[in-house]
Amino acid sequence: MRELILSDITEMGSGLCVIGLEQVARNEFRSVRPMPPVGYAWPLPFDGQRGSFVQFEPAATSVPCPHVEDQRTHGLAAGADLLGEDELVDLLQHAEMAETSQGLFGCGLYADQLGGNAWVPPDQASRSICGLNYANMRFRVYIDAGKVKLVAMVAMDSGEVLHSLPVVDWTWRQFVTELVRRFTRLPPRKELDALFNRSIRVRVMDGDVHFVRIGLPRPKMDENKCWLMLDSLFPQPDLNWLDDL
Amino acid sequence: MNSPFKFDEAQALEIARTSVASKLSPVPKDDVDLVESGALDSMAWVDTLISIESAAGIADFGNPWTEKRSKSIRVLAEMIREAQRPFTEEASENLSLPSHANGRISIVGWASALGSQKVTAEQIERALGLPPNKIREGAGIDSVCVAADSEDELTLAQRAAEIALEMAEISVDDIDFLVATSATFLGFPSLAASLHSRLLMPESSGALDVGGACVGLIYSLAVARGLLSTRPQGVALVVAAEVHSRRLNGPQVPGEFRGLFGDGACAFVLSSAATAEQNDCVSLHEFVWGCSGTFASSLAIRVSEDAGLKIQFKGEQLAQAAVAQLNRIFGTLENLSGVSRTKVDYFAIHQPNPRVVEILADKAHIPLDRIPLVSKFYGNLGSVTCGASLCEALSSFRRSGDRSRTPLIFMAAVGPGLVWGGAYLN
């Protein structure tokens, strides 16, 4: 049996993709993406949360580049122990980390349009998940067919900017869902945008921890691009923030 | 969601196809619903909208998306065309006129952010081995603000800019350009470029740096005012930031020079489209400037070959030249504004140190209480000094509750060169 501490839980289709930290040495961790026996996503409801300790029996796995963290399992067993957010981020700082865009996935980033999301060629990237401490972040809200989607911009300490990162962080997605649920009628996009970039962003930037994990999805068929996405945004949202809005 | 450009049908289709091509190869036919067909997932669709927004200069393109419309290339092209601003005679006239058609480019937000460590005059004197009271009595400085380890030009500038934008209720997305000045931020990317990234400003907004050292803020305001005059409904962010404590700490820097300086930043949001509610904001009027090489040697700072600083500082000569020149600027501003200096509410000026300010007030016959004296408590902040002084003036007037008029403010500064600049605000 192998043990992980769940660090990232992200939306993937109608299920969830999870990543955990496995200790490889004192103060050294690596990311492992435990996958269900079939497919990539764990079905909902999922028995585990960020900071949970989980155990699994590994199964034979093919590891397509750059998803070197993939690990097929026979299932996950969640324990009762739970790490707090600060402790978890502390461990994440001892896993895959980058200070520059080049360091994220071991290759340069490409962007097709000004302000658009960046991508990496799958055969050039050496991993598919990495953490970084950010200097600033902002949200952008999109409304598509009545559904609210969140995109983030992140300023790195190196002075580089990651634009238009889709927020797939499950906790943040649930936070958005709860926010929308509290309105009897969906407010105009500009109001939601202002809400996120004033009240909610202030909470995020007021926190001591400014840390994100950037992930890569699997490339689509016939597309040689892995688009960056925001797997985890720390601090994690607190539903109590909504009470003060 | 108006575009400043004019696209015909073919151009609009090309923009839509190019944006989709960055996500999909081969590009589907123009009428295929990109999401319904499974060609794009919802996040790739959002990124396509962002791409078109950048390419066509259309803010918030397709956001929100009308549910009934197909998500096809053809509909994207139609929407690009629909978003175009009608090019009317009136619009044409507006473009050829100064944007501040009502004659106003206003300061709608302001803030300063100072180094968070306060160091007293006595601590400075002890640390630099200066005679007792040299700083407090000789220069009139009670304390200086010094940047903490976690602070630098960028973090201080970011803090000031965010507070100023919050006051102005303007999003960074609405800034057309950023003008920054700093004498202590060395290297590239420059302060303007670095701050642009740090604030996560849109890639379509500009970032430029202005020199001038202690006059840098006034020059930056002048440049921003000029740029806004070509842009209707424009917004500019003007920022100054200095961290002297890390540049002037070498043993080659004379102690009596080093001890005068503090660290800080200031930011101003300028708008050429101040709304009726913002009519109590002050507007930038005329600027004056010049350079008097006669006193160039009174303060000279050069980076030496070993990357250290070579400083030439003739304090007495510099103070006399500064007082004389600042007084001359007041005279010029009186002529330009048609208002006597006795009627001026505030003098937001560069302050080498409080003693020089006292001498200036005496010589120029202006009451000392009309000069927001920032150097007494924060030290000489370089280009930030007259900005911090202006922030104090604007906040002080706002606190007075007088809504019947706007304050008249004279700004003036001198810097190494001797470069000088001034402006009046009302």
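Biologist: How far is the sulfur of Cys145(B) from the closest cysteine sulfur, and in which residue is that sulfur?

Modeller: This is a predicted model, in which local features need pLDDT of at least 70 and side-chain atom pairs count only at pLDDT 80 or more, while totals for chains, interfaces and linings use all residues; side-chain values use heavy atoms, with hydrogens and water left out. Residues are numbered from 1 along each chain as its sequence is written, and chains are lettered from A and ligands numbered from 1 in the order in which they are written. A disulfide is a pair of cysteine sulfur atoms within 2.5 Å. The sulfur of Cys145(B) is too far for a bond, at 14 Å from that of Cys266(B).

Biologist: Is Cys145(B) buried or exposed?

Modeller: Buried means under 20% relative accessible area and exposed over 50%, with partly exposed in between (1.4 Å probe, protein chains only). Because its relative accessible area is 5%, Cys145(B) is buried.

Biologist: How many disulfides does a search of the whole structure find?

Modeller: Over all chains, the search returns 0 disulfides. Cys65(A), for one, is in none, and the nearest cysteine sulfur to it, that of Cys226(A), is 8.6 Å away. Cys65(A) is partly exposed, at 43% relative accessibility. The number of disulfides is therefore 0.

Biologist: How many residues does chain B have, and what percentage of them is buried?

Modeller: Helices (H or I, at least four residues) and strands (E, at least two) are DSSP runs numbered from the N terminus, and chain B has 14 helices and 13 strands. The C-alpha atoms of chain B fill a box of roughly 80 × 50 × 40 Å along the principal axes. Of the 426 residues in chain B, the buried ones make up 55%.

Biologist: What covers the buried residues of H3(B)?

Modeller: Helix H3 of chain B spans residues 73-82, and its buried residues are Ile73(B), Val75(B), Leu76(B), Ala77(B), Met79(B) and Ile80(B). The cover over these buried residues includes two helices of chain B, H1 (9-21) and H2 (42-56).

Biologist: Which element gives the largest share of the side of chain B that touches chain A?

Modeller: With contact meaning heavy atoms within 4.5 Å, 39 residues from chain B and 39 residues from chain A take part. Buried area is the accessible area (1.4 Å probe) that two parts lose on being put together, summed over both; for chain B and chain A it is about 3,100 Å², 48% of it on carbon and sulfur atoms. There are 12 residue pairs in polar contact between the two chains (both at pLDDT 80 or more), a polar contact being a pair of N or O atoms within 3.5 Å, where within protein one must be able to donate a hydrogen and the other to accept it, and residues adjacent in sequence count only if both atoms are side-chain atoms. The largest share of the side of chain B, 12 residues, comes from H2(B).

Biologist: How many salt bridges are counted between chain B and chain A?

Modeller: Glu162(B) and Arg201(A) meet through their side chains in a salt bridge (2.7 Å, N to O). Between chain B and chain A the count is 5 salt bridges.

Biologist: By how many residues are Glu358(B) and Arg355(B) separated in helix H12?

Modeller: The side chains of Glu358(B) and Arg355(B) form a salt bridge (2.9 Å, N to O). Glu358(B) is partly exposed at 33% relative accessibility, and Arg355(B) is partly exposed at 26%. In helix H12 (residues 354-364) of chain B they are separated by about one helical turn, being apart by 3 residues.

Biologist: How many salt bridges are counted between domain 1 and domain 2 of chain A?

Modeller: Domain bounds come from an automatic or database domain assignment, which divides chain A into domain 1 (2-92) and domain 2 (101-244). These domains bury about 2,100 Å² between them, 55% of it on carbon and sulfur atoms. Glu11(A) forms a salt bridge with Arg173(A), the closest N and O atoms being 2.3 Å apart. Between domain 1 and domain 2 of chain A, the count of salt bridges is 4.
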